Amino acid sequence: MRKYASVRAFRDRISFLIDRKAFLYTVIFLLFLGVVFLISVGMGEQLFSPWKAFNIMLGNGSSFESLIVQSFRMPRILISILVGISLAVAGAILQAILRNPLASPDVIGITGGASVAVVLFLAIFSNESNALTVSIHWMPLAAFIGATIVAILLYLLAWKNGLSSFRLVLVGIGLWALTKALTNLFMIIGPIHQAAQANVWITGSVYGSNWSNVQILAPITIVLLLIAFIMTRHLNIQELGEDIALGVGARLERQRFSLLLLSTGLIGSAVAFAGGIGFVGLMAPHIARKLVGSSFGNLLPLSAIIGAVLVLLADTIGRTVFLPIEVPAGVFTAAIGAPYFIYLLYRQRNA
Amino acid sequence: MVLHSNKSKLVGLIIGVLFLILFNFLSIILGYTNITIQTVIDAFTNFNGSNEHIIIQDVRLPRALIATAVGASLGIAGALLQALTRNPLASPDILGFNAGASFAIVVALMLFSVTSLQATTWIAFGGATIAGLLVYFLGSIGRDGMTPIKMTLAGAAIAALFASLTQGLLVMDESALEQVLFWMAGSVQGRKLEILLAVLPYLAIGIVIAITISNKINILTMGEDVAKGLGQRTMFVKLITGLSVILLAGGSVAIAGPIGFIGIVVPHVVKSIAGNDYRWIIPYSGVVGGILLLMADIGARYVLMPEEVPVGIMTAIIGTPFFIYIARKGGKLA
């Protein structure tokens with residue numbers, strides 16, 4: 001069997017080269033995501049078998065069953081998937097432009113920037129009765145702005161005759177601490193302080209997602225994802241390093257900047273709806289890279305799917321295993337992700 | 001380095017102590033309830049049970065003293081850690097001590113219902129020790145030994161790990177959240193004098209150790225090989241230094257919760273004033289640390305009047321630019 005299959009259409013005007021192995025892994029993980037999806041739909045205080053869950057989704061259940069599935073579980077599951085995809089793709093892009101496997105959006109403060117913006121947004125645009133005075137549609141934009149500000153700050157502050165990736169991580173850790181402090185500060189100022197929700201949201205949870213959230217998040221994620229796939233060739237060049245990228249004629253800084261904006265957009269929209277679900281942006285691209293190598297045409301789809309699986313699994317476990325208590329998904333992703341980060345650090349010990 | 005001769009350093013230290021006393025005094029009179037100097041003097045010489053006198057004796061005075069003790073301990077702990085790890089970014093919070101102690105206390109409170117002050121203090125020591133050792137170990141693996149960058153990254157990862165575990169435990173038990181949240185924010189406000197008195201012996205021992213071994217630390221900072229060549233038992237010195245750090249950092253966390261960045265800022269400020277001799281750096285760090293935390297605490301009362309900002313937030317906002325500045329300098333000692 002050859003390693004690649006080629007797909008050509010419109011008299012060879014459009015052609016793709018498909019890496020068979022990557023394609024296989026992508027399909028396998030897609031199926032796995034489907035299985036987790038069905039199990040997650042069925043899990044909860046009302047248990048359904050995956051097959052029954054599938055039937056209910058097709059509309060063959062009692063009105064009570066379809067209420068549970070359609071109104072309560074589905075939006076939450078969809079948000080988990082969208083958030084997982086966004087974080088994983090953003091992480092993969094960041095790792096490419098920063099050329100640093102440790103560049104997780106959480107550890108370098110970008111997620112934190114989005115959190116600050118969201119808490120500030122809630123503090124400014126809330127009236128006495130804790131109701132929002134502007135449409136919640138603006139929240140992803142606020143999160144995006146927050147994430148972008150931190151990303152640009154990070155870039156500027158770490159710049160010193162070029163960008164050393166370790167300096168970047170160190171400056172990022174500093175910014176992370178600052179965003180944590182600012183988030184706490186704005187929580188005290190704003191009405192979100194009263195809500196016990198705040199603590200859960202900061203940890204990262206998709207609790208209480210509804211269809212209107214899905215309606216806002218889905219188009220954003222899909223559009224950004226498409227842009228990411230179109231830009232894969234630039235990503236591949238970025239990973240070769242500055243000199244080679246310049247040598248092959250890439251407009252390095254401009255591409256790097258637009259890629260940075262792309263990843264902050266993904267992170268911002270994810271954080272706006274799920275808070276800081278940590279370490280997904282670190283783990284998913286790493287696992288994907290282990291399986292299919294670092295060509296971004298293969299890497300991006302697979303890490304998106306793995307990200308979705310991670311968040312969905314974490315949320316499903318969090319809302320079912322410890323009933324009646326709900327554990328935020330972010331607790332699980334951090335509990336797995338932080339040791340993974342340490343392991344990466346250990347592997348890099350002689351680098 | 002501003003001060004060169006021993007005489008000028010001594011004068012500087014005395015001026016520092018005077019400033020420390022001044023800020024203690026300011027900490028007592030400034031705040032939501034404004035208090036005149038005369039009332040303060042009256043509250044101690046001729047207590048009449050009035051509202052203001054009670055505020056001074058039960059609220060303002062403990063708060064000022066606790067800020068002084070915690071600030072001094074964190075400053076000295078930072079100086080010792082930076083010498084021990086030869087890492088200018090080292091401080092109790094960056095290396096995960098605070099997160100470890102917080103986690104241990106939450107576990108003890110929730111799973112074993114430990115509430116006694118003494119037990120909490122020891123548990124904080126335990127947590128700080130475990131986290132510190134983990135970070136030390138992780139930061140030292142590899143061929144090139146302990147580098148500032150590896151150490152900082154390991155600290156960030158361990159801190160994130162413990163923080164998420166703590167968060168997870170707290171979400172499961174909301175009544176515990178209420179008990180702990182106040183403490184977790186990192187504040188010197190609303191703590192009784194008894195808390196300070198219970199922990200003070202450990203802090204005092206830590207400080208005495210630090211001052212006693214300061215000349216050994218001078219030799220240690222020349223590098224392991226040189227120190228060994230000069231006949232120092234480096235392992236012993238490191239262990240004693242570590243013990244002192246744990247007493248100081250763990251004790252501070254037990255009193256005030258996690259307060260960041262004092263330990264990183266203070267030693268750098270001190271070195272620019274008093275040079276690189278640890279016999280001076282240790283006492284100076286104590287004094288400057290106390291002043292810095294008192295200042296941050298007074299500031300925390302005015303940012304959001306009439307509400308108060310936990311002082312941990314203030315120190316983070318002041319300290320981050322400093323941290324980034326040092327990181328940009330490429331981890332060279334000041």
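What percentage of the 334 residues of chain B count as buried? The share is 52%, where a buried residue has 20 or more other C-beta atoms, placed from the backbone, within 10 Å of its own.

## Basis of the model

This is a predicted model, in which local features need pLDDT of at least 70 and side-chain atom pairs count only at pLDDT 80 or more, while totals for chains, interfaces and linings use all residues. Residues are numbered from 1 along each chain as its sequence is written, and chains are lettered from A and ligands numbered from 1 in the order in which they are written.

## Chain B

Chain B contains 14 helices and zero strands; these are DSSP runs numbered from the N terminus, with at least four residues of H or I for a helix and at least two of E for a strand. Its radius of gyration is 20 Å, close to the 20 Å given by the globule rule for 334 residues, so chain B is as compact as a globular protein of that length. The radius is taken over C-alpha atoms, and the rule is 2.2 Å times the number of residues to the power 0.38.

Along its principal axes, the C-alpha trace of chain B spans about 65 × 55 × 35 Å.

## Chain A

Chain A has 14 helices and two strands. Of its 351 residues, 50% are buried.

## Where the chains meet

The contact involves 33 residues from chain B and 37 residues from chain A; two residues are in contact if their C-beta atoms, placed from the backbone, lie within 7 Å. On the side of chain B that touches chain A, α6(B) gives the most, with 15 residues.

Methods
Buried ≥ 20, exposed ≤ 12 C-beta atoms within 10 Å, placed from the backbone.
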